[in-house]
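Me: I have a structure open and would like to go through it with you. Could we begin with the terms and then look at the parts?

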Amino acid sequence: MPAYVIVDITITDSVRYEEYKKSAAETVTAFGGKYIVRGNPVEILEGDWKPNRLVILEFESLSRAKQWWASSEYSEPKTLRHETARSKMIVVEGV
């Protein structure tokens with residue numbers, strides 16, 4: 001069953017965040033993931049959730065998504081993301 005990592009990101013350092021995007025993408029691919037959504041603008045249809053930049057990643061399974069997030073390969077990009085953006089991240093199984 002596929003799993004989706006959903007991230008709501010507010011970029012605080014756009015120059016260095018570009019470095020993050022490149023290095024993170026390499027790790028996503030290495031773990032068999034792919035980008036489904038990567039960017040903005042986001043149009044609100046209902047409610048008060050106002051994501052700034054929305055990213056959705058697809059992995060083959062919940063286990064594989066968690067392996068990517070906890071991997072040594074993603075460790076450095078993750079640190080860079082924490083330095084260049086504020087983010088909220090969840091993972092959910094698909095159907």
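This is a predicted model: local features need pLDDT of at least 70, side-chain atom pairs count only at pLDDT 80 or more; totals for chains, interfaces and linings use all residues.

Me: Then where is Pro 51 found?

Reply: Pro 51 sits in the loop between β2 and β3.

Me: Is Pro 51 buried or exposed?

Reply: Buried means under 20% relative accessible area. Pro 51 has a relative accessibility of 11%, so it counts as buried.

Me: And what does Pro 51 touch, not counting residues up to four places away in sequence?

Reply: Pro 51 touches Asp 8 and Val 42. As for Lys 78, which is 27 residues from Pro 51 along the chain, the two C-alpha atoms are separated by 19 Å.

Me: Let us turn to the helices. How does the span of α1 agree with what its residues should give?

Reply: Helix α1 covers residues 14-30, which is 17 residues. At 1.5 Å a residue they should span 24 Å, and the end C-alpha atoms are 25 Å apart, which agrees.

Me: Which residues of α1 are buried?

Reply: The buried residues in α1 are Tyr 17, Tyr 20, Lys 21, Ala 24, Ala 25, Thr 27 and Val 28. Seen down the axis of α1, these buried residues fall within an arc of 165°, so they line one face of the helix.

Me: What is on the face turned away from the buried side of α1?

Reply: That face of α1 carries the exposed residues Val 15, Lys 22, Thr 29 and Ala 30.

Me: What do the buried residues of α1 pack against?

Reply: They pack against the strands β1 (3-11), β2 (34-39), β3 (53-59) and β4 (85-93), and against the helices α2 (62-70) and α3 (72-84).

Me: On to α3. How does its span agree with what its residues should give?

Reply: The 13 residues of α3 should span 18 Å at 1.5 Å a residue, and the end C-alpha atoms are 19 Å apart, which agrees.

Me: Which residues of α3 are buried?

Reply: Tyr 74, Pro 77, Lys 78, Leu 80, Arg 81 and Thr 84 are buried in α3. They cover an arc of only 160° around the axis, which puts them on the same side of α3. The face turned away from that buried side carries the exposed residues Ser 72, Glu 76 and His 82.

Me: What do the buried residues of α3 pack against?

Reply: They pack against β1, α1, α2 and β4.

Me: What is Leu 80 in contact with, leaving aside its neighbours within four places in sequence?

Reply: Leu 80 is in contact with Arg 16, Glu 19 and Tyr 20. Leu 80 is buried, with a relative accessible area of 12%. The C-alpha atoms of Leu 80 and Ala 24 are separated by 9.5 Å, although these residues are 56 residues apart along the chain.

Me: A change of topic: how much space lies in the largest cavity?

Reply: The largest cavity holds about 110 Å³ of space. The count of cavities of 30 Å³ or more comes to one.

Me: Which of its lining residues are closest to its centre?

Reply: Of the 15 residues that line the largest cavity, the closest to its centre are Ile 9, Tyr 17, Tyr 20, Tyr 35 and Val 55.

Me: Which element supplies the largest share of the lining?

Reply: The largest share, four residues, comes from α1. At least two residues of the lining come from each of β1, α1, β2, β3 and α3.

Me: How do the lining residues divide by type?

Reply: They divide into 11 nonpolar, no polar and four charged.

Me: Finally, where does Glu 93 lie?

Reply: Glu 93 lies in strand β4. Glu 93 is partly exposed, with a relative accessible area of 44%. Apart from its neighbours within four places in sequence, Glu 93 is in contact with Met 1, Pro 2, Ala 3 and Leu 62.

Definitions and conventions: Residues are numbered from 1 along each chain as its sequence is written. Side-chain values use heavy atoms; hydrogens and water are left out. The expected span of a helix is 1.5 Å times one less than its number of residues. Buried means under 20% relative accessible area, exposed over 50%, partly exposed in between (1.4 Å probe, protein chains only). The arc is that of the directions from the helix axis to the C-beta atoms. Contact means heavy atoms within 4.5 Å. On a 1 Å grid over the protein atoms alone, a cavity is a set of points where a 1.4 Å probe fits but cannot get out, and a pocket is an open set with protein on both sides within 12 Å along at least five of seven lines; lining residues have an atom within 4 Å of a point. Grid points are joined across faces, edges and corners, and a volume is the space filled by probe spheres set on the points. Ala, Val, Leu, Ile, Met, Phe, Trp, Tyr, Cys and Pro count as nonpolar, Asp, Glu, Lys and Arg as charged, and the others, Gly among them, as polar.
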